Amino acid sequence: SNLDAYVNHNNGTLRDLTADIIRTSLANVRKRGGNTNVIVTGYDTYAKIQGIFENQARYLPGWGETTIQVGIQGVKTALGTGVGIKVASIYGIPLIQAVDTPDDGSGSIQRIYLLDTTDPEGNGVGRLNIALTMPPSYIEGRNPLYLNQFVIKGAYALMGDVVAYHLHGQGKIRDLQ
């Protein structure tokens, strides 16, 4: 269906992660109109990906690093080196590690998500983005009775929902070991 994301799976049977699985998934997402511009995975899978490309480090055909811009809804930092942020990349696409990435059970590594956050239609919002329901705000506490000490503590808060306008162009790789 046009509302389903692309899923590269092995019917629940675990399989070894290979560069070919990643390349095939990226190609299939592109065929569906997706423009993968960020890949998100967990720490174990990230280490496995490093191992796949480690023997090719001299030539860097797929593995490398890239600079990124950080922002929400079009407000972005200077490109990479302006703020000192460098991340790993696969085939030029930033690879981000996330602690809460799900896995598929005992013995598996975390899933890989191929995300399209671009705005090729020019609507002003990405195909996958955060819709803010409460703007970023700063909350501060100074009451020593609540804080149990004489200090000032503060925190930033924001609320939002993840919204996907082009589900067909998002992808996932699962059943990996």
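**A loop and its surroundings**

Guide: This is a predicted model. We may start with G92, which lies in the loop between β6 (86-90) and β7 (93-97).

Visitor: Is G92 buried or exposed?
Guide: G92 is exposed, because its relative accessible area is 53% and exposed means over 50%.

Visitor: How far apart are G92 and V38?
Guide: They are 54 residues apart in sequence, and their C-alpha atoms are 9.5 Å apart in space.

Visitor: Let us turn to helices. What span should helix α1 have, and how far apart are its end C-alpha atoms?
Guide: Helix α1 covers residues 19-31, which is 13 residues, and at 1.5 Å a residue the helix should span 18 Å. The end C-alpha atoms are 18 Å apart, in agreement with that value.

Visitor: Which residues of α1 are buried?
Guide: They are A19, I21, I22, S25, L26, N28 and V29. In general, an α-helix has 3.6 residues a turn, so residues three or four places apart point the same way.

Visitor: And what follows α1?
Guide: G33 follows, with a positive phi near 95°.

Visitor: Where is T45?
Guide: T45 is in helix α2 (residues 43-54). T45 is buried, with a relative accessible area of 0%.

Visitor: Which residues does T45 touch?
Guide: Leaving aside residues up to four places away in sequence, T45 touches L17, I109, Q110 and I112.

Visitor: New topic: how many salt bridges are found in the whole structure?
Guide: A search finds six salt bridges. One of them joins the side chains of D104 and R174, at 3.1 Å from N to O. This pair links distant parts of the chain, 70 residues apart: D104 is in the loop between β7 and β8 (112-115), and R174 is in the segment after β11.

Visitor: With which other residue does R174 form a salt bridge?
Guide: R174 also forms a salt bridge with D175, where the closest N and O atoms are 3.3 Å apart. Salt bridges that share partners join D104, R111, R174 and D175 into one network.

Visitor: Is D175 buried or exposed?
Guide: D175 is buried, with a relative accessible area of 1%. Its phi is positive, near 60°, in a residue other than glycine.

Terms used: Residues numbered from 1 in each chain as written. Predicted model: local features only at pLDDT ≥ 70, side-chain atom pairs only at ≥ 80, totals over all residues. Heavy atoms only, no water. Helix = DSSP H or I, 4+ residues; strand = E, 2+ residues; numbered from the N terminus. Expected span 1.5 Å × (residues − 1). Buried < 20%, exposed > 50% of the residue type's maximum accessible area, 1.4 Å probe, protein only. Contact = heavy atoms within 4.5 Å. Salt bridge = Lys/Arg side-chain N within 4 Å of Asp/Glu carboxyl O.
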